[in-house]
Amino acid sequence: MAKLKLALYWAAACGGCDVAVLDINDKILDVAKLADIVFWPIALDFKYKDVEAMPDKSIDVCLFNGAIRSSEQEHIAKMLRNKSKVMVSFGACACFGGIPALANFTSRAEIMQRAYVEAPSNENPNKTLPQTVTKVAEGDLTLPKLYDNVLTLAQVVPVEYFVPGCPPTVTIILKVVDALATNSLPPPGATIASAKTLCDECDRKKENKKISKIYRTHELIPDSQRCLLEQGLLCMGPATRGGCGLQCISVNVPCRGCFGPPAGVIDQGAKLVGAIASIYEANNDDEIARMVNEVVDPAGTFYRFGMSSSLLRGKRPQRT
Ligand code: SF4
Ligand code: SF4
């Protein structure tokens with residue numbers, strides 16, 4: 001069998017998804033047997049012009065991690081889409097917006113103001129902000145445009161497969177590699193993870209208990225056998241797709257939701273709010289207010305990974 005041509009790219013990302021690929025350890029040699037890597041900016045010195053010179057659809061598979069928040073990232077996503085037969089949203093940022101999409105709670109102008117003017121480490125008396133074009137004696141210096149909103153990969157180009165996780169687990173990456181090796185990828189549009197919720201896969205004891213207090217993780221050492229949510233810790237299991245191997249739960253840490261919504265759920269945050277509200281036990285308005293206030297940073301908690309793909313999408317512009 002001819003070797004596959006594989007590309008890996010990172011857009012608005014932390015690098016964790018690329019490191020996760022290396023975390024498959026010696027199995028990376030199987031990947032090397034299976035595929036020639038034709039583009040991987042974090043690891044190998046390919047240039048954009050090398051990819052631009054490739055014929056369309058000459059890359060078999062592109063694993064694209066990171067969200068889209070600049071004109072450069074959009075340009076490369078579109079270029080890789082044209083060059084690739086199969087485009088994979090790899091990791092929570094590419095699939096749902098991920099941590100970078102928490103910036104959707106603010107705006108480009110507010111980010112610029114904070115980063116370049118207000119941050120205490122700045123010395124910028126003229127309040128100079130980065131420009132997309134700056135004229136200097138030698139010509140024009142250009143920078144990519146920072147967008148107002150962080151987008152998922154599928155909001156910019158068509159995508160065949162979704163591999164969730166922050167980052168995807170080694171088991172899931174090996175499943176993808178195996179499916180490529182045996183030409184047994186599922187039908188396009190599939191998410192390569194479980195079809196169930198994490199709660200469906202979790203074997204902790206569930207007692208259908210109501211909760212009357214929400215704890216932050218540093219306030220409580222939970223019982224390692226009982227459901228974390230029923231102990232008052234905000235566990236995202238009821239609104240999160242399974243398939244991660246219960247990595248957080250098995251070390252007594254609540255799920256944070258990085259596998260995104262399960263099949264059939266559009267808005268992970270809204271689903272979670274509903275699930276938690278259904279087990280709240282509060283007898284009057286004061287108790288309800290106290291419990292609501294115990295959820296520190298509700299937007300960032302319920303939409304930690306899914307802001308771009310949620311129904312909210314981002315902060316609404318203020319009406320004037
Ligand atoms: S999904 Fe997680 S590990 Fe991957 S780039 Fe985003 S923040 Fe980093
Ligand atoms: S809420 Fe969390 S701890 Fe409880 S069953 Fe679901 S995944 Fe397990």
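Strand β6 (residues 133-136) and strand β7 (residues 139-142) pair in the antiparallel sense over four bridges, where two strands count as paired if DSSP finds at least two bridges between them. This is a predicted model, in which local features need pLDDT of at least 70 and side-chain atom pairs count only at pLDDT 80 or more, while totals for chains, interfaces and linings use all residues. Residues are numbered from 1 along each chain as its sequence is written, chains are lettered from A and ligands numbered from 1 in the order in which they are written, and side-chain values use heavy atoms, with hydrogens and water left out.

A separate group of five strands forms an open sheet with parallel pairing, in the order β2-β1-β3-β5-β9. Its edge strands, each pairing on one side only, are β2 (35-39) and β9 (161-163), and from one strand to the next the twist averages 30 degrees. Inside the sheet, β1 (residues 4-10) is paired in the parallel sense with β3 (residues 59-65) over five bridges, and Leu6 stands opposite Val61 in β3. Strands of a sheet pair through backbone hydrogen bonds, either parallel or antiparallel.

Helix α4 (residues 71-83) lies across β1, β2, β3 and β5 (84-90), and runs at about 135 degrees to β5; such angles run from 0 to 180 degrees between N-to-C directions, with axes fitted as lines to C-alpha atoms, for helices over the stretch in contact.

Ser70 belongs to strand β4 (residues 68-70) and is buried, with a relative accessible area of 9%; buried means under 20%, exposed over 50% and partly exposed in between, for a 1.4 Å probe and protein chains only. Leaving aside residues up to four places away in sequence, Ser70 touches Pro144, Lys145, Leu146 and Tyr147, contact meaning heavy atoms within 4.5 Å.

Around ligand 1 stand Ala13, Cys14, Gly16, Cys17, Ala92, Cys93, Gly165, Cys166 and Pro167, a residue being counted if one of its heavy atoms lies within 4 Å. The elements that give two or more residues to this shell are α1 (16-22) and α5 (92-96).

By the rule that a side-chain nitrogen of Lys or Arg lies within 4 Å of a carboxyl oxygen of Asp or Glu, the count comes to twelve salt bridges. Three of them are listed here.

| Salt bridge | Closest N and O atoms |
|---|---|
| Glu118 and Arg114 | 4.0 Å |
| Asp140 and Lys135 | 3.1 Å |
| Arg226 and Glu207 | 3.1 Å |

Arg226 and Glu207 both lie in the loop between α8 (198-201) and α9 (268-277), so the pair ties together parts that are 19 residues apart in sequence. Glu118 and Arg114, by contrast, lie four residues apart in helix α6 (residues 108-118), about one turn of the helix; Glu118 is partly exposed at 43% relative accessible area, and Arg114 is partly exposed at 45%. In the remaining pair of the table, Asp140 is partly exposed at 45%, whereas Lys135 is exposed at 67%.
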